[in-house]
Amino acid sequence: MAGSGENKTAMMRLSKFKYLAPRSVNDAAKMLADAGPTASVVAGGTDLYPNMKRRHQTPKTLIGLRRVEGMRGVSGTPEGGLRIGPMTTLTALERNATVKAAHPGLWKAVHSISTPILRNMGTLGGNICLDTRCNYYDQNYEWRRAINFCMKCDGDTCWVAPGSKVCLAVSSSDTAPLLCAIGARLHLVSATGEREIAAHELYRRDGIHFLSKRPDELLTEIVLPATNGWRSTYRKLRRREAFDFPVLGVGAWASFDGPVVKEARIFLGAVSPAPVEAAEAAKSLVGTRLEPDAVARASDLAYGPAKPVDNTDFLTRWRKEMTKVYVKGALEDLRGS
Amino acid sequence: MKTRLPRKRKVHLRIRVNGETHEVAFAPHKTLLEVLREDMGLTGTKHGCELGECGTCTVLIDGEPQLSCLVLGLECEGMDIITVEGLADGPQPHPLQQSFAELGAAQCGYCTPGILLASKALLDEDPNPPRDRIREALSGNLCRCTGYIKIYEAVELAARRLKDPKAEPSREILRGYEV
Amino acid sequence: MSSPRPFKTIGHPVRKIDGLSKCAGVTKFADDLVLPRMLFCKLLRAPIPHALIRKIDTRRAAKRPGVFAVLTGKSLPVPFGILPVSQDEHALCPDHVRFVGDPVAAVAAVDEDVAFDAMNAIRVDYEPLKEILSIEDAIQNPEPRLHDYGDDGNIHKKVSLEFGDVAKGLAGADQVFEDTMYFEGNTHLPMEQHSALAAVDPDGKLTVWSSTQTPHYVHRALAKVLEMPPARIRVIACPNGGGFGGKSDPFNHEIVVAKLALMTGRPVKVTLTREEVFYCHRGRHPVLMRVKTGVRKDGSIAAMHFKSFLDGGGYGSYGVASTYYTGALQTVTYQVPQYRFDGVRCFTNKPPCGPKRGHGTPQPRFALEVHIDKISERLGIDPAEWRLRNLQPANSLTANHLRIGSMGLGKCIEKVVRGSDWRNRFRRLPFGRGLGLACSSYLCGAGLPIYWNNMPHTGVQLKLDRGGGVCVFCGEIDIGQGSDTVLAQTVAEVLGIDPYDIRVVYGDTDLTPVDLGSYSSRVTLMMGNAAIQAAERARELLAQAAAEKFQIPVNRIVCAGGRVFDAGDPERGMTFAEAVVAAEAKYGTIGTVGSYTPPVSHGKFRGSGVGPSPAYSYSAAVVDLTVSPETGWITVNKIWVAHDVGQCINPVLVMGQVEGSVYMGLGEALMEEQVFRRDRHGVHKFPSLLEYKSLTTMEMPEVVTYIVEDPDPNGPFGAKEVGQGPLLPIMPAVANAVYDAVRVRVDEVPITPDKVLKALQSPSKRYGPTRIPEVTLPEPIRVPTPVEGGDGRAAGGEGERKKKPSGASAGVSP
Ligand SMILES: Cc1cc2nc3c(=O)[nH]c(=O)nc-3n(C[C@H](O)[C@H](O)[C@H](O)COP(=O)(O)OP(=O)(O)OC[C@H]3O[C@@H](n4cnc5c(N)ncnc54)[C@H](O)[C@@H]3O)c2cc1C
Ligand code: SF4
Ligand code: FES
Ligand code: FES
């Protein structure tokens, strides 16, 4: 019954590591490649440090990105496509007047994250790469030992769905569904090259291997699509208006021809290990003016893809039912005034 | 007696806390919270979870409230840190400290250091915050004692006193309502 | 009371005497203490809820570098517990673990890192036993037993009391109403995690500093378990970073660090992680309740039968008292002429429940106030009106022999009704918006101490300095409620000096006279009375000396404004310091004492130890909220609350307690969930500050507080309690407001959106329990009511309260 590993302690102190502070993206990428799989980059640390204290992750090398040049700030124009450095803090984004005016959806998502103090620390990059969450997992080592661990860390069964081959820990980033919905692109750099992918391509429906990004790849830029006749919004369900992660997030986007929807995308957050596209719901909106009927129909269609499981706050059944209400709300936002 | 210890390499660096530069040596995996409390004897900064879930450990880093339990000590090199011990101006309490004490905004006083610092950052930025702004700015600090109301009132009183040192709280705040 | 009115400091918003220290970060909480050569302790806790310990192997842990001692239950075989009748805990489980988190071994090492690694190197071999995780489990499975004592298998306690003839009362009623309700239970969640530090001096004296609400009981437990003379042990309570009842038991970790300090000769500290705080618990019991009430045509109550089933967790703690408390105070708000109470407490493999703010009474209060809301509705009487018509009168005896003194509930109701514009808005708001009213009452300290004896419940000593300073010694401990300030204000009032010239020395078993602790809202009333007595004795000495000096009769001497002077000629006088000098010259060193023992209670039957109090506080609250019929989401808009505090000692402190109570009550009403995973060995579902939901600033509504003053002859200056009472009406007021908003009943706490939605979608328009378990109860102890001429004794001399020589008996009355 007793624990084994030296590092596997339950104290709310960090595990031990070697700390590196590169100054450039290239140095960071090289350090990451050199240190291998036991290394981890850290941005604001608001996700990684709690995980280290609970011994989910015990990286031997930490590569701090705080001092890397060129990874912070917002550049470009909304019309040409804003470019955001992943080390930009959530507070900095929230206070950026251009972001607020041109990307109200992103602004709402960012504003809804955690608390004002945590937003001073947390970054957009960290939010995009946020670990998946599950209340059988986000617990101290001792607690997890008492349940005999689970597949995501130190064990082999998924307690949420004991038959499941994959971990169902939940994608809990507030920006992820929004960035997927608006079609943001992510720039990845490693020691061996670089590439750009669509935001939704980053995520995988596997609570353990939830990112398609290789461990040696750094996220170096988030590129927002040019603003031209589209609107976006974000709606979040959670118990308290501060601290709490989403138990349902709705990122919605639509482009318009006058009042008529040309194209639409809806992504649901926190109902699966990855943001989930409600494609049929979105498709049903094309050609409508987001009139109440159309909104109601789309909300019903979004209910299907939402597959929450019992590993977050609130009753699963109720969370699923709320999908309709929150999608409806998001579409009403898009209809606007 | 078994006193042989696993070797620990400490980092040795300078951090500016409450306007003074200190040279401290500590294990590299220590958080700022641990460095302040254990290596610098500044126990005014409290802790309630060490996981970012309560706000009790809030300090100011370069003027911004941050959670000292989720910042590495060694990442603070060259930064300006203010803890509750650094709020007063010599023997003169900060108007926030004064108003919190006067209005009972500190009951057990455990969440108080963190809330004072979050409030200071707010007042530094907005000398006239409306109630909703205060509510929002303090939404990352849990308090189990006060129900927050005396805290809002104390922040508002301090804001007024920063302009007019003679400002006084209303009768309702001091004695309750009447119908 | 001989103090002159109007008061000089009593009733005024005096800044807390430690307010600025708290705001400067200077106040030392237990975890802030550091001693040279200090070691750190960690406790290894059981990972399974119910098991026998076959073997513990500590060899590997003991060998690790930096480890100074490893301890198991074998070295601490003596049991302890807060109540004499439940001495069922061990500092470390010797052979039987009863919940996930029960400590089995401990380590002392040079630092926390080393202690943790060593702790994890301890091997424990368990033999799992069947898990008992609910009230039903406990009733259905008398075996395997959690404890070898108790009333029946895994039923810890059964009680049955009958005042008058309830069957007859119900039969004679015009209508009978019945409700079944559930209160889920929750925890205190103080922001400060428990911490304790122990040190032994070379001359053999042990000192333990702890974040405890009850240094006196920690002292007793340490002496008992360590088998040391109490004279060699000193317990110092540090200011608590919040308590709410969660630091009122003696705890394993306090005993363990003491033992480790004795073993190693070095100071040893332990600070619990947030997760471990959830394991200490002693919070609100989950209670399943059934209330049956017979009502006459005019709406008045003819008789009531109340049943409660408590899920006690793994140990006794205060549970026997909690059980009685779920039945004790139903009678103090509205007239209940015939009353029967049946209570059953079960042992389950979960962290032990105990006293949380309101101790055992918020659950039945929730049931009762919702029940009354339903009754009023069916009778077509406005619920505020129903309450005003049926108030228990002041200066009366209740059916269960509780003596009511001042009773300001009527005034409280009128205030909140007026403030909320109740008469124009109740049942008249648009669908989705609602108002709900509820009331409550609470004790001002238990009438009987935990260990029945003839000694006072509290003592205060004063030492007057020639320079005019006054040092007050009292065993009380400030847990945030402001008791240090109440003490200073009380003494300052009597002696006519500035409260800031007073130093308060608190919570130290070597230095201060015993005060039983900061629980059951006893401090202001009891300590206050003792402080008045001590201060009046001191004033008497000063007055005598001054009278002699001025050659005037002593009754002309007044102490006020820092002076001692002739009432007839205020010019003729001296400073307070000069008066102390004169008195010291006349009498020698000036020190006085005061103490307080509550009046003898009226009830004499077995079980009458729980409920009596020198006075009862009263509260009423109206909640205004909005319910979304689409989601069930509740948004609380505003709360009006009035509290009868007897006499307000310090309005800022009173409001702080009221607002804090509203906050905590609202958390209980809406979202705080203390739940366990049945599928995973009964682990606490989420022992963290993120997942155990405490309201943030964003959920806290505006609160309008009315302070009602109806002085009670037993209170110091007429004062009654305020720390707990105002929490009680909040949960039922929310439930009643939800009904007003959307016409559904959620007969369960917390009232979460999914339950509201479910009720909205169900044909019965209700969510809540329907059944209670079958349990054979003992024949009730029958006690004639005062109206029937009862003198507080049980009928036929049966069920007498056991009387044993002082100090040794089995009291159950915190
Ligand atoms: C109490 C609490 C509440 C929270 N509530 C919310 C919430 O409501 N919504 C929400 O979305 N989040 C929430 N968070 C999580 C977190 O604070 C935010 O998601 C934050 O944005 C994470 O950013 P960070 O910079 O702190 O990440 P870090 O912890 O530094 O990093 C997170 C992960 O991303 C990786 N990473 C970071 N930057 C890069 C990069 N440039 N390239 C490659 N990998 C990278 C890290 O290696 C790590 O694995 C909460 C956290 C806490 C403690
Ligand atoms: S979903 Fe299953 S495997 Fe994944 S973290 Fe939760 S319990 Fe573990
Ligand atoms: S200690 Fe709780 S947020 Fe840092
Ligand atoms: S004053 Fe006690 S937690 Fe805030």
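How far apart do the C-alpha centres of domain 1 of chain C and domain 3 of chain C lie? I looked this up before anything else. The two centres are 37 Å apart. I note at the outset that this is a predicted model.

**Entry: domains of chain C**

I checked how chain C is divided. Domain 1 takes 19-27 + 456-596. Domain 2 takes 33-129 + 192-241 + 247-280. Domain 3 takes 362-448 + 606-769.

I then went to the contact between domain 1 of chain C and domain 3 of chain C. Domain 1 of chain C puts in 21 residues, and domain 3 of chain C puts in 21 residues. Together they bury about 1,400 Å². Carbon and sulfur atoms carry 64% of that area.

Polar contacts came out at eight residue pairs, both residues at pLDDT 80 or more. On the domain 1 side, helix 14 (483-495) and helix 15 (523-550) of chain C each give two or more residues. By class, I count that side as seven nonpolar, twelve polar and two charged residues.

**Entry: domains of chain B**

I turned to chain B. Its assignment gives domain 1 (11-86) and domain 2 (95-176). Their C-alpha centres are separated by 23 Å. In the contact I find 15 residues from domain 1 of chain B and 13 residues from domain 2 of chain B.

The area buried between these two domains of chain B is about 1,100 Å². Of this, 65% comes from carbon and sulfur atoms. In domain 1 of chain B, T58(B), L60(B) and V84(B) lose the most area to domain 2 of chain B. Together they make up 38% of what that side buries.

Salt bridges between domain 1 of chain B and domain 2 of chain B: I found zero. Residue pairs in polar contact there number four, with both residues at pLDDT 80 or more. Strand 3 (residues 58-61) of chain B gives the most to the domain 1 side, with three residues. I sorted that side by class and got six nonpolar, seven polar and two charged residues.

**Entry: chain C against chain B**

Next I looked between chains. Here 68 residues of chain C touch 57 residues of chain B. The two chains bury about 5,200 Å² between them, 58% of it on carbon and sulfur atoms. On the chain C side, C23(C), M191(C) and T697(C) supply 14% of the buried area, more than any other three residues.

How many salt bridges are there between chain C and chain B? I count five. I opened up one pair, K150(B) with E659(C), where the closest N and O atoms are 3.6 Å apart.

Helix 17 of chain C brings the largest share, nine residues. The chain C side divides into 29 nonpolar, 23 polar and 16 charged residues.

**Entry: chain A against chain C**

Last, I looked at chain A on chain C. The contact draws 42 residues from chain A and 47 residues from chain C. They bury about 3,900 Å², and carbon and sulfur atoms give 53% of that.

I found four salt bridges between chain A and chain C. I checked the pair K693(C) and D244(A), which meets at 3.0 Å, N to O.

Which elements give two or more residues to the side of chain A that touches chain C? I noted helix 8 (141-146) and helix 13 (316-335) of chain A. Helix 13 of chain A supplies the largest share, six residues. That side of chain A splits into 19 nonpolar, six polar and 17 charged residues.

Note on methods:
Residues numbered from 1 in each chain as written. Chains lettered and ligands numbered in written order. Predicted model: local features only at pLDDT ≥ 70, side-chain atom pairs only at ≥ 80, totals over all residues. Heavy atoms only, no water. Domains from an automatic or database assignment. Contact = heavy atoms within 4.5 Å. Buried area = accessible area lost by both parts, 1.4 Å probe. Salt bridge = Lys/Arg side-chain N within 4 Å of Asp/Glu carboxyl O. Polar contact = N/O pair within 3.5 Å; in protein donor to acceptor, adjacent residues only side chain to side chain. Helix = DSSP H or I, 4+ residues; strand = E, 2+ residues; numbered from the N terminus. Nonpolar A, V, L, I, M, F, W, Y, C, P; charged D, E, K, R; others polar.
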